[in-house]
Amino acid sequence: MSHAPDNRKETSQRQPAEVNADAVATQRLEQLTSEVALKTIHELEVYQIELKAQNRELRYVKEELEAARNKYFSFYDQAPIGYPMMTDD
């Protein structure tokens, strides 16, 4: 008994589904008013600005972490003998 999908059946069901999805999308676009569209575009632009700010912050933190890693790598891994580490535990 094979559990592989039947590509012929999937293709025959997909095409009507795509046509139906296109019709629904077209109907939704026709119902959109310019006010709703402008509001949606504004929200997307605000979201894009927020994402860009988050991306900048993440890149900055990544650079700081890489610098700290490089500092401690050269400090510990290139030491002539080694360093003892003391903790509060």
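This is a predicted model: local features need pLDDT of at least 70, side-chain atom pairs count only at pLDDT 80 or more; totals for chains, interfaces and linings use all residues.

Colleague: Why is the contact of R14 with E18 called a salt bridge?

Modeller: The closest N and O atoms of R14 and E18 are 2.9 Å apart, and because a salt bridge asks for a side-chain nitrogen of Lys or Arg within 4 Å of a carboxyl oxygen of Asp or Glu, the contact meets the rule. Both residues lie in helix α1 (residues 7-31), four residues apart, about one turn of the helix.

Colleague: What makes R14 exposed, and what is E18 called?

Modeller: R14 has a relative accessible area of 52%, and exposed means over 50%, so R14 counts as exposed. E18 stands at 38%, which falls between the 20% and 50% limits, and therefore E18 is called partly exposed.

Colleague: How do you know that E66 and K62 form a salt bridge?

Modeller: Their side chains meet at 3.9 Å, N to O, and this value is within the 4 Å limit, so the pair qualifies. E66 and K62 are four residues apart in helix α2, and therefore about one helical turn separates them. By this rule the count comes to two salt bridges.

Colleague: Why is M85 called exposed?

Modeller: Its relative accessibility is 64%, and because the limit for exposed is over 50%, M85 counts as exposed. M85 lies in the segment after α2 (34-77), and together with Y72, F75 and Y76 it forms a nonpolar surface patch with about 440 Å² of accessible area.

Key
Residues are numbered from 1 along each chain as its sequence is written. Side-chain values use heavy atoms; hydrogens and water are left out. Patches are made of residues with over 30% relative accessible area and no salt bridge: like charges are joined within 9 Å, nonpolar side chains (Val, Leu, Ile, Met, Phe, Trp, Tyr) within 5 Å. Accessible areas come from the Shrake-Rupley method with a 1.4 Å probe; for residues, only the protein chains shown count as cover. Helices (H or I, at least four residues) and strands (E, at least two) are DSSP runs, numbered from the N terminus. Buried means under 20% relative accessible area, exposed over 50%, partly exposed in between (1.4 Å probe, protein chains only).
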